[in-house]
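Grab a pencil and work through these exercises with the model open beside you. Try each task before you read its solution.

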Amino acid sequence: IFKMAASMRNAASRIFIRKSILRPNHRPFSSCRLLYDVRETQYSPRVVPVHSTQNGHLSWSQMRHFTQWRHLLAAESTTDGTTDTEAPPSEPEEYHSIITNTERAKGAAEKQEFQAETRKLLDIVAKSLYSEKEVFIRELISNCSDALEKLRYQAMTTPDVADKDVPLEIHIGVDDSKKTFTIQDTGIGMNKTEMLANLGIIAKSGSKEFLEELKDKPDVSSNLIGQFGVGFYSTFMVGEKVDVYSQSHDANEPAHKWTSDGTGTYEISEAEGVQRGTKIVVHLKGDSYDFAKEDVIKDIIKKYSNFVGVPIYVNGKKANVIQALWTLEPKDVTEDMHEEFFRFISNAYDKPRYTLHYKTDAPLNIRALFYVPQYKPTLFDMSQDRESGVTLYSRKVMIMNKSSRILPAWLRFVKGVVDSEDIPLNLSRELLQDSHLIRKLRNVLTSRLIRFFLEKSKKDPASYLEFYEDYGLYFREGIVSEPEQSAREEIAKLLRFESSKMPSNERTSFDDYIERMEAGGRNIFYLHAPSRALAEASPYMEALKKKDIEVLFCFEPYDEMVLMNLSQYAKKNIRSVENEVVAEAQEDAKVDESDEGSISQTDADSLGAWLKLTLGTRVNKVKVTNALTSTPCIVTVQELGMMRHFLRTQLHDKSDEEKYRVLNPTLEINPSHPIVVKLNSIRDSNPQLAKLVAEQIYDNAMISAGLIMDPRTIVGRLNDLLSKALEKH
């Protein structure tokens with residue numbers, strides 16, 4: 001098949017073959033398989049989908065198809081042997097590795113035993129301390145990073161450092177055939193005494209001791225990661241034997257080899273052929289052979305250690321290519337850098353809508369970078385089961401992916417990273433200790449994000465309203481889910497509503513509403529309705545229109561529950577217009593006898609009694625109201641908004657009689673409305689029509705109050721009314 005591909009007069013096939021020749025250990029079959037995939041699935045070399053094969057080879061069916069496409073490939077070639085899809089050959093990836101096999105033990109080895117308690121601790125570290133085996137790579141890289149930082153400091157303070165020109169790097173080599181994992185740094189290295197102290201005693205951290213010596217030099221100590229002295233022993237989770245070669249930065253010190261199988265003893269001897277720094281060779285156990293695969297190691301580095309401040313090479317190729325932008329000054333980070341970083345951490349392909357680069361040292365040391373995606377969230381994104389989008393780092397090493405404790409759940413749409421040296425970790429550096437520092441970190445970041453969104457709303461209101469349309473649901477969720485009133489009011493600053501005092505489609509905030517409020521005003525009024533037109537036509541708006549009071553309109557079905565949960569803002573009561581009407585109707589109103597178009601008080605009392613008898617258990621009380629002008633009647637219920645919610649969630653399967661008993665509604669009639677006046681006149685002369693009209697205006701009032709979930713129940717009566725209306729025509 002390889003000869004077949006090589007004979008084709010097609011530029012695309014030659015490019016694929018050329019790639020296979022340039023790449024070390026790249027099998028020719030891979031070229032043929034790639035070429036087959038292109039032709040078999042898309043008939044075009046522009047798209048290269050990935051398909052699985054058996055053991056990396058083509059099946060007989062694939063070989064047959066490959067032969068069929070050979071003639072088509074040749075036919076598509078131009079006279080000069082090229083095609084319209086030809087692309088320049090890619091450059092080979094730069095290869096750089098310091099890992100060699102020159103290290104050898106020299107002389108007799110000393111065999112020593114771990115102390116009894118150390119053996120027990122070693123067993124705990126190797127078997128149960130860490131939740132995932134892969135974290136041993138994070139731990140070893142962190143140790144290497146610390147060794148490099150120590151050398152960096154020594155080079156500034158001590159003139160005689162061996163091999164000063166050797167760059168500070170971390171190299172990892174994996175050998176799938178030998179089932180080994182090797183990691184090597186060019187750091188400070190260890191002499192025999194240091195190897196015995198740091199490798200022979202668990203929970204003794206060389207980095208921690210170094211930090212104690214550098215208490216007054218935060219610029220150096222802040223780059224060190226190690227704290228507990230147990231990270232190295234995580235290698236015994238995956239290794240049946242571990243070899244350590246180390247050459248101290250002091251050229252006068254000989255190199256040494258330390259080896260152990262983790263069962264309680266270790267050997268140490270002099271060594272030769274060792275470069276400055278430390279090299280660790282892990283001979284993998286049978287259940288850990290995956291850690292001898294290059295792709296697996298690269299994925300783990302990307303997950304945990306991508307932002308370590310030194311280059312990391314895997315089998316000679318650089319693995320950490322993305323900068324830790326949160327450690328840079330905000331002014332030094334370009335928009336393109338933010339875009340690339342956002343795509344890296346979020347696995348997205350769009351641009352960030354908003355970017356917040358936040359750095360502070362008080363009350364906590366925090367380096368954070370937050371992004372709001374450009375895309376509109378889907379229902380799946382809005383699910384409360386959706387994990388957080390923020391990853392937690394400590395000194396640029398990933399501690400917790402998608403951490404749910406750094407930001408509240410309602411901010412899960414925010415993507416980004418948080419790095420803090422003050423984060424209290426447990427021994428495995430995987431879980432956060434339950435500490436007031438975590439709560440403080442959470443509060444600081446949440447407050448900063450809220451302030452950031454407020455700043456955006458003032459600088460660019462139009463852009464913020466677009467953002468609010470897409471992400472406002474999360475803010476509403478935050479108000480409902482936060483237990484503390486102060487936190488709810490902070491989130492409420494971000495809410496936006498249409499107002500009766502503003503044109504349609506314009507939004508206002510609570511703060512703006514309060515600024516327009518008359519002196520001494522104590523209430524913020526709102527009205528829930530499906531649309532602005534229905535809100536403005538609502539009978540409950542009539543009373544407040546007379547008083548010229550501003551009302552906020554809530555169009556989303558969950559807005560009402562949000563405002564009921566909020567209840568107060570800036571010491572102002574948040575009240576529904578419907579509840580205000582109920583409060584004003586506590587005292588029975590009297591008919592205005594000076595109104596010639598109104599029925600008398602006597603007729604009103606008589607009509608009220610008749611309506612109560614006609615409607616039966618559907619109404620608790622009938623009374624007169626003077627708050628209405630263009631509406632014949634309204635229904636008032638204590639805490640109407642809450643009752644609507646209760647009706648939808650708890651009473652939806654109950655009978656009408658049970659619903660009315662819970663609602664306990666009051667019917668308030670407008671004595672001057674033409675329908676009420678006419679109804680009073682026909683209730684004796686045409687009782688059948690009067691009954692239909694009475695029931696209809698009552699149901700109309702219930703619909704206006706949002707208390708009838710299915711209006712189809714009134715269709716039959718409407719048809720009867722229409723028939724009565726057309727009898728004389």
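**Exercise 1. Across which strands does helix α13 lie, and at what angle does it run to β10?**

Step 1: Find helix α13 at residues 436-459. Helices here are DSSP runs of H or I with at least four residues, strands are E runs of at least two, and both are numbered from the N terminus.

Step 2: Helix α13 lies across β10, β11 and β14 (415-419).

Step 3: Now the angle: α13 runs at about 130° to β10. Axes are lines fitted to C-alpha atoms (for helices, over the stretch in contact), and angles go from 0 to 180 degrees between N-to-C directions.

Step 4: Helix α14 (residues 461-481) lies across β10 and β11, at about 100° to β10.

A word on the source: this is a predicted model, so local features need pLDDT of at least 70 and side-chain atom pairs pLDDT 80 or more, while totals for chains, interfaces and linings use all residues. Residues are numbered from 1 along each chain as its sequence is written, and side-chain values use heavy atoms, leaving out hydrogens and water.

**Exercise 2. What is the strand order of the open sheet of five strands?**

Step 1: Two strands pair if DSSP finds at least two bridges between them. The order is β10-β11-β14-β12-β13, with mixed pairing.

Step 2: Check the ends: β10 (352-360) and β13 (397-400) are the edge strands, each pairing on one side only. From one strand to the next, the twist averages 25°.

Step 3: Zoom in on β10 and β11 (residues 366-373), which run antiparallel and are joined by eight bridges. Here L356 stands opposite F370 in β11.

Step 4: The peptide bond from A362 to P363 is cis, with omega near 5°.

**Exercise 3. Is N505 buried or exposed?**

Step 1: Locate N505 in the loop between β15 (498-499) and α16 (510-516).

Step 2: Apply the cut-offs: buried is under 20% relative accessible area, exposed over 50%, and partly exposed in between (1.4 Å probe, protein chains only). N505 has 62% relative accessibility, so it counts as exposed.

Step 3: Check its backbone. Phi of N505 is near 75°, a positive value in a residue other than glycine. Most residues other than glycine have a negative phi.

Step 4: Compare S567, in the loop between α19 (559-566) and β18 (568-569). S567 has a positive phi of about 60°, and its relative accessible area of 35% makes it partly exposed.

Key. Contact means heavy atoms within 4.5 Å.
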